[in-house]
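Please review the structure shown below.

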Amino acid sequence: MPPSPMRYTPSPRAIVLSGVERDRQLWRVVIVAGCLLVVISGTGNVLGNPTDHRSLPRVAGESTGGLAENIAQVGASHAGAGLEFHARSLAVGHPSAPAPLGPHVVNRTLVLLNDSVFPGNFLAGYGQGPAAVAYDSGKSEVFVADEYSDNVSVINDTTNVVIATVPVGGSPQGIAYDLGKSELFVANEGTDSVSVINDTTNVVMATIPLASNPFGVAYDSKQATVFVTEFLSNEVAVINDSNDAILKITPVGTSPEAVAYDSGEGEIFVANLESNNVSVLGGMSESVLKTVPVGGNPAGIAYDSDENQVYVANAETNNVSVISDTSFTVVATVNVGMAPESAAFDTDLAEVFVANFDSDNVSAISEIDDKVVGTIGVGTHPQALTYDGGKMEIMVASLASSDLSVISGSTGTVVATIAVRVLPQGVAYDSGRGEFFVANTGTDSNAIGAVEVISVSTNTVVATVPAGRGSYGVAYDGGKGEIFVGNIGGDDVSVISDSTNSVLATIPVGLSPRGIAYDSGSGEVFVANQNSQNVSVISDATNKVVATVPLANGSDPDGVAYDGGTGEVFVTEGAADEVSIISDATDKVVANVSVLGSPFAATYDDAKGEVFVAGFVSDNVSVINDTRNTVVASIPMAGTSYGLVFDPAQGTVLVTNYLSNIVSVISDATNVVVAKVAVGNEPVAIAYDGSRGATYVSNSVQGTLSILYQAVPPPTYPVTFAETGLPSGSTWFVNITGQPTMSVPISGSSGTIISTHLPNGTYSFRVSTNNKSWSPTYTSPFIVNGGPDAVSVTFAEVVYAVSFSETGIPSGLTWSVTFNAVPASGMTDGGKDTLTLAAQPNGTYPYAIEPVEGYLADPGHGNLTVSGGLVMQAVSFSPSPGPGRYVVSFQESGLPARTPWGVTLGASLLSSSSAWINFTQANGSFSFEVGSVSGYAATPSTGSVDVNGVGVSQSIDFKATQTSPPTNGTGSPEILGLPPIEAYALLAGIAFVVLLGVVAAVELRRRKKVPPVAAPSTPPPGA
């Protein structure tokens, strides 16, 4: 089996998951494996497209073998008038740069997801495994984190069309919209980072490194901070959205996953998957206020602003815990579907919607009585959902089916389904109407497939025809003007009229139909059924199977090609390493030809009377003479031969190389590879348009069609890069992918422009400078489209966050810092308070801590040096009572070193990680309360102190609460104060006495109730 089209590496957090959460991780692997089976199982069309199920390592490179090879990547002409609309906003991938031309060139790329056309070899983004979703109220767009394709899909919620795809880090899991900055924060679990996306440009503006598996994200609008759970380190990172700096790391429960912001109370609720509880964080203090036990494996969380309640989806116990945000207690438990993963509040319906991962539906809970009022079927394995306030809709992201279900807030029903990924497979050219038909399998072999109809004049999709389950191989029947589509999941073939673009018939065939070809000599269609080891022969006059040709057991027939010269059909058999030849007159196998590893697809070269066969495992193409039925040549390929087609105008055979993302061009005169053409990711099927000399390649993972034309020398156009902001003496560099690096030094106003000339195409590039104190901002890629293009680059001085943190001042007081002549102040909450100042470039800056009545600051002033990173200055305040005020000290004993503890004295709260907590008070009597410390009990925990002209000291003794039975001094636990043997003997004796007493009591009771014996008049029941 070839490698999966999607990269998915199980995250480290999968190691610690249990119950339903571990099952969910297993499902993710199964989903990717399913997609893998779809992509590799082959594509059939009139030219014979392949399939197989063998595992191969991904080819990292390729050997030229001394062949004359050129990689052609750019177009030769304008992309057409329709290209200029939103060309940059649709630039959703990492395009390739041009290289020397060969006999063919990618002129245009059609992106099937949004039916957009780009010049050259455009590597579009694609979405797979939507794991999180957020609504952008500023742009009325929906952002979807695609876990398996490492990007974010951007959807217009008016048209329900994917308008952009933004590459981010590895395995994005959580996403939240920051209304204050109009940015999206994306937690990338696989690369331990957070990507910050500008929602205007759909470009990543910053990447914030974190420690360990970031997962959930929530935005705190009051504090302008972003909270990110870190799954394996059991912490929450607090990020300042003004400078993307980490303000604090707060410990929470075990395996924190989901997080939600409570705007009513200004608190953060964190669902801890493995400790089965929810941590409540103060938005200002950013410390844990309460811990609330909930159900098993809390995986999702949502805030209900109407009722001031928090809804927690418990994946293991299949229910939802409803928490009051004032009492911090569970006020209701609601049973829902299987493995609820996430929740979202719909303000329109006043309902909470819960995505049930294992039951493929969404539960709607009324906030009035906390009861389920409806269940709505959605896609496969729904994992995330969000409320779209603009449309009053719930958007549900389904991991396995790679789509979003749109639930109307007014009707509570699914009103639309939006695909974030397509999987183009078979492709066939309809010469009668000048159209291409492309089969989109869907997300797996059981998904309902569709056939896209593409006009060759406009290179746009003109119709979409629903087909069977797992639409796969395609063949054009020129005699009837019909398209035959093999459906691998439905074990049937759909017949589509090319005039009406509607399904005329559905024909049952064998199991898992793969390759398919039209026999113009007999007016029949031959279908290779991989799992039933035979070939179905369909009459196009009756649309019925007229013959079934058996093949060897376990041979796994894949590709099919019709040889018009001999009236024979060639069928590749991947598992048998041979090609069976079937006579279309007798529908019998007349010959078998052995070829190299796993023959996958075949095509007929009528100029030479030869059949070319792609060997998937052996990375070669075998050439069979159709007269002698012998192999006359074997041609090495660049990586995993998949589909192939004959180009009679050039006398060449074009072969898709699945793992190297190229099309190899073979001369049929010399049987030598004469060129290579870079196309999209994991190309599979290929078809030829003889009227225009064009070839269409379906790129399965990319979700695109590469359109290749015979090359002509392309014109080039000027491209200028203009920079601003970089100081004199610096050198800046422009590196266009595939081009030599360009650079120029800055000297006053000169050196600010770098110029080059490029053909039409889409180009990615990087800008850098040798002055590391400055950083560039620019938009990549850019598009050359028939004229000059100008690219702007802005350099800004790199700045770093500066903050001061204080300890020692009770809550409710104001403290201030003057840093670099700019003052900043804040209110204390008794804990560790932080003031964040304006970010600064590298340098040394003076600061002073303003006096706080009754306290002295250490240090009180000094210089702070910024040198390439975040700077935080700690300030410790100690009591310095003024006239009429005295120090009240609390000293703890019994806690491990640096354990946080706190005391509330009167109305003031103060916490510390040292042994002392000091207040300053006037004369009077004051009550105190010691805050709880997990695992310890304080003595005294409450009390009062009297201040009468002198300072007061109060000792607090902490003792560990008993978590295990006492021991007898030798390591063995004591039971009832006795050694284990003696205790067990005592307990056994007591139990025996109790048992005797019970037996005696029962016997006595029985005797009292039994009446005198008498002969029964009728037999007792059961006698």
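Strand E25 (residues 351-356) and strand E26 (residues 361-366) run antiparallel and are joined by 6 bridges. Val354 has Ser363 in E26 as its bridge partner. The model is predicted: local features need pLDDT of at least 70, side-chain atom pairs count only at pLDDT 80 or more, and totals for chains, interfaces and linings use all residues. Residues are numbered from 1 along each chain as its sequence is written, and side-chain values use heavy atoms, leaving out hydrogens and water.

**The antiparallel sheet**
- This open sheet has 4 strands in the order E24-E25-E26-E27, with antiparallel pairing; two strands pair if DSSP finds at least two bridges between them.
- Strand E24 (340-346) and strand E27 (371-377) stand at the edges with a single partner strand each, so one side of each has no neighbour in the sheet.

**The mixed sheet**
- Another open sheet of 4 strands shows mixed pairing in the order E79-E76-E83-E81.
- Its edge strands, E79 (916-921) and E81 (936-939), each pair on one side only.
- Strand E76 (residues 886-893) runs parallel to strand E83 (residues 952-960), and 6 bridges join them.
- Val952 in E83 is the bridge partner of Val888.

**The whole chain**
- The protein chain holds 2 helices and 83 strands; these are DSSP runs numbered from the N terminus, helices (H or I) of at least four residues and strands (E) of at least two.
- Of the 1023 residues in the protein chain, 57% are buried, meaning under 20% relative accessible area with a 1.4 Å probe, protein chains only.

Key: Buried means under 20% relative accessible area, exposed over 50%, partly exposed in between (1.4 Å probe, protein chains only).
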